[in-house]
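Work through the exercises below with the model open. Try each task before reading its solution.

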Amino acid sequence: MTGIDRPRRLRRTPALRRLVAETTLEPRHLVLPMFVADGLAEAREISSMPGVYQHSLDSLRKAAVEAVEAGVGGLMLFGVPLAGDKDAVGSKAVDPEGILNRGLRALAAEVGDATVIMADTCLDEFTDHGHCGVVAADGSVDNDATVDRYVAMALAQAETGADLLGTSGMMDGQVGAIRAGLDAAGHLDTAILAYAAKYASAFYGPFREAVASSLQGDRRTYQQDPANRVESLRELELDLAEGADIVMVKPAMSYLDILRDVADRATVPVAAYQISGEYAMITAAAERGWIDRRGAILESLTGIRRAGADIVLTYWATEASHWLR
Ligand code: PBG
């Protein structure tokens, strides 16, 4: 056959494929989410996320150094307080001696000059009811009372030297209030990674084990409905207007259309979070020999980049960075 267009010409050799590849995946694009737990003598593996650990302060430092040496773009820290330290308003989230703030200081001291340190600015790990905020008498999550707590939490985190605060709670007005609070306290350079579009997802399951969540019920009155697309553009506009420095879409793989929409419109860098359930699915299938582990991981990350993510949060950040160097 002559006279037909032959796209296969450019796929013929590895060198040709490399020359024309549209999407890149580099260690600097990857951010490692990490968990630090109070009262641990050594790291404890999370059973639904094989290969991911709740860290002690010591093992956190070591894993952070490994990640930075592998070339990751940043670290995102979550804290797991002692069960007995949880209360209705998440006091340990605000306490400078709470485990998350201690962990952030440890990271700043160990690798603060070499990487970007991010803090999860949300209350769910610290509340005894497991919600991301303060619960009102009628059982609903009180938006404005919660935002006040977030501002206090953000100030404590800014004091640790964290570079970026990840506002993951999905309260209305949280970005603007935190920005104003940071500015008033002189933290003009502490940046905000706004979870602009965060959906109420079944794929968060393993994370709830990772942070020993106390949640009964769900987060559907504050996280978004998976059925909605346009709503994410409204969330994006609000977060940009309120001063977000980076915006995020979460989860990633079931929301690649949202990621593309956001990337097409955002005037700031865009991140996506490949969450715990995404990690667990690929890990479980690979353990059974049903898919090729490395191939599936790299393909999933490339797909998230192709859909528009400048930055990808992934529990494989360190390992994938080794492969990509
Ligand atoms: C809540 C929060 C969640 C995750 C990070 N922060 C989810 C939730 O329980 O609603 C999920 C991350 C993951 O699943 O990997 N502040």
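**Exercise 1. Strand pairing**

Task: find how strand S1 (residues 30-37) and strand S3 (residues 49-55) run, and how many bridges join them.

Solution. S1 and S3 run parallel, joined by 2 bridges. Strands are DSSP runs of E with at least two residues, helices are runs of H or I with at least four, and both are numbered from the N terminus. Two strands pair if DSSP finds at least two bridges between them. Now pick a position: phenylalanine 35 stands opposite glutamine 54 in S3. Next, take strand S2 (residues 44-46). S2 and S3 run antiparallel, with 3 bridges. Isoleucine 46 has methionine 49 in S3 as its bridge partner. A hairpin of 2 residues links S2 to S3.

Before going on, note the ground rules. This is a predicted model, in which local features need pLDDT of at least 70 and side-chain atom pairs count only at pLDDT 80 or more, while totals for chains, interfaces and linings use all residues. Residues are numbered from 1 along each chain as its sequence is written, and side-chain values use heavy atoms, leaving out hydrogens and water.

**Exercise 2. The ligand site**

Task: which of the 15 residues around the ligand come nearest?

Solution. Start with the list: Arg208, Arg219, Lys250, Ser276 and Tyr315 come nearest. Near means that a heavy atom of the residue lies within 4 Å. Then check polar contacts (pairs of N or O atoms within 3.5 Å). The side chain of tyrosine 315 places an N or O atom 2.6 Å from a ligand oxygen. For glutamine 223, the side-chain distance to a ligand oxygen is 2.8 Å. Lysine 250 has a polar side-chain atom 3.4 Å from a ligand nitrogen. Finally, cover: the protein covers 100% of the 400 Å² of accessible area that the ligand has on its own (Shrake-Rupley method, 1.4 Å probe).

**Exercise 3. Backbone exceptions**

Task: what kind of peptide bond joins lysine 250 and proline 251?

Solution. The bond is cis, with omega about -10 degrees. Proline 251 lies in the loop between strand S8 (246-250) and helix H9 (256-265).

Task: is methionine 170 buried or exposed?

Solution. Begin with the backbone. Methionine 170 is not a glycine, yet its phi is positive, about 60 degrees. Most residues other than glycine have a negative phi, and most peptide bonds are trans. Methionine 170 sits in the loop between strand S6 (164-167) and helix H6 (174-184). Its relative accessible area is 6%, so methionine 170 is buried. The cut-offs are under 20% for buried, over 50% for exposed, and partly exposed in between.

Note on methods: Polar contact = N/O pair within 3.5 Å; in protein donor to acceptor, adjacent residues only side chain to side chain. Buried < 20%, exposed > 50% of the residue type's maximum accessible area, 1.4 Å probe, protein only.
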